Amino acid sequence: MPIRARNVRLALGKPPARVDILHGIDLTVETGETVALLGASGSGKSSLMAVLAGLERPSAGEVQVAGLDFTALDEDALAVARRGRIGIVLQAFHLLPTMTALENVAVPLELAGEPDAFDRARAELAAVGLAARTDHYPAQLSGGEQQRVAIARALVGRPALLFADEPTGNLDTATGAAIMDLLFARAASAGTTMLVITHDPALAARCARVVELTDGRIVADASRA
């Protein structure tokens, strides 16, 4: 299974200024599921994503991702573990401004030592509708186009697991809807397990399962019939 989290806790800072963010999270995500982590700002959903993606260490508990014990790995090992296993799409596109769309998408493949990085990046950009924009820099692209590049970059390595954290937060309603259509289609095509982090119930309802967080705790977990 892609994710198994048990009694995950996260606290930042030290007493008396310590802030408890996650309170004993138990979560299992099966291969191929589309899961929404739904909650208001401050509910802990992005912090939970960071822990599950190996970007933040839990204060306590166990996190297994794609068969690896993330809690037992050091920072270097976590970086290697994420490579090829996990893709991440964020609200802010985080494209490298001095690189073209093609170069941005090829980066994770190059880091992994893949010999056909640019051919695969070009094919992935074509799949997200940007075949004619491969040589454009981020500043030359619209917000929707930049997010398409980010999706291509996240999926080009065919990761087992994709995290999308408020992926439409910087986009207008129509562009955001188109981006979500694309994200679900590309994830399904790649056979990728996907977690969508959102405060929007309508977006969450597009997932097969909705896990709701409040104050760092899971308060509901329901699969859509």
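## Close-up views of a predicted model

**View 1. Strands E1 and E2 form an antiparallel pair.** Strand E1 (residues 3-12) and strand E2 (residues 19-29) are joined by seven bridges and run antiparallel; strands are DSSP runs of E with at least two residues, helices are runs of H or I with at least four, and both are numbered from the N terminus. Two strands count as paired if DSSP finds at least two bridges between them. Look for Leu 12, whose bridge partner in E2 is Val 19. Six residues sit between the strands of this hairpin, and Gly 13 there takes a positive phi near 85 degrees.

A word on the model before we move on: it is predicted, with local features needing pLDDT of at least 70 and side-chain atom pairs counting only at pLDDT 80 or more, while totals for chains, interfaces and linings use all residues. Residues are numbered from 1 along each chain as its sequence is written, and side-chain values use heavy atoms, leaving out hydrogens and water.

**View 2. Six strands make up an open, mixed sheet.** The order to trace is E6-E7-E8-E3-E9-E10. E6 and strand E10 (217-223) stand at the edges with a single partner strand each, so one side of each has no neighbour in the sheet. On average, neighbouring strands are turned by 15 degrees against each other, direction ignored; angles run from 0 to 180 degrees between N-to-C directions, and axes are lines fitted to C-alpha atoms, for helices over the stretch in contact. E6 and E7 run parallel and are joined by five bridges. Helix H6 lies across strand E3 (34-38), E7 and strand E8 (193-198), running at about 155 degrees to E8.

**View 3. Helix H5 packs against H6.** Helix H5 (residues 143-155) meets H6 at an angle of about 15 degrees, and their axes are 10 Å apart. The two helices are therefore roughly parallel, on a scale where angles under 35 degrees count as roughly parallel, over 145 as roughly antiparallel, 65 to 115 as roughly perpendicular and the rest as oblique. On the H5 side, the contact (heavy atoms within 4.5 Å) includes Gly 144, Gln 147 and Ile 151, and on the H6 side Ala 178, Leu 182 and Arg 186 are among the residues involved. The residues of this contact divide into seven nonpolar, three polar and two charged.

View 4. Contact residues include Leu 102, Val 105 and Leu 109 of H3, together with Phe 118, Ala 121 and Leu 125 of H4. Nine residues of this contact are nonpolar, none are polar and four are charged.

**View 5. His 94 has a positive phi.** Although not a glycine, His 94 has a phi near 55 degrees. His 94 is found in the loop between strand E6 (86-90) and helix H3 (101-111). At 54% relative accessibility, His 94 counts as exposed; buried means under 20% relative accessible area, exposed over 50% and partly exposed in between, with a 1.4 Å probe and protein chains only.

**View 6. Glu 166 also has a positive phi.** The phi of Glu 166, not a glycine either, is about 45 degrees. This residue lies in the loop between strand E7 (161-165) and helix H6 (173-190). Glu 166 counts as buried, at 12% relative accessibility.

Technical notes: Ala, Val, Leu, Ile, Met, Phe, Trp, Tyr, Cys and Pro count as nonpolar, Asp, Glu, Lys and Arg as charged, and the others, Gly among them, as polar.
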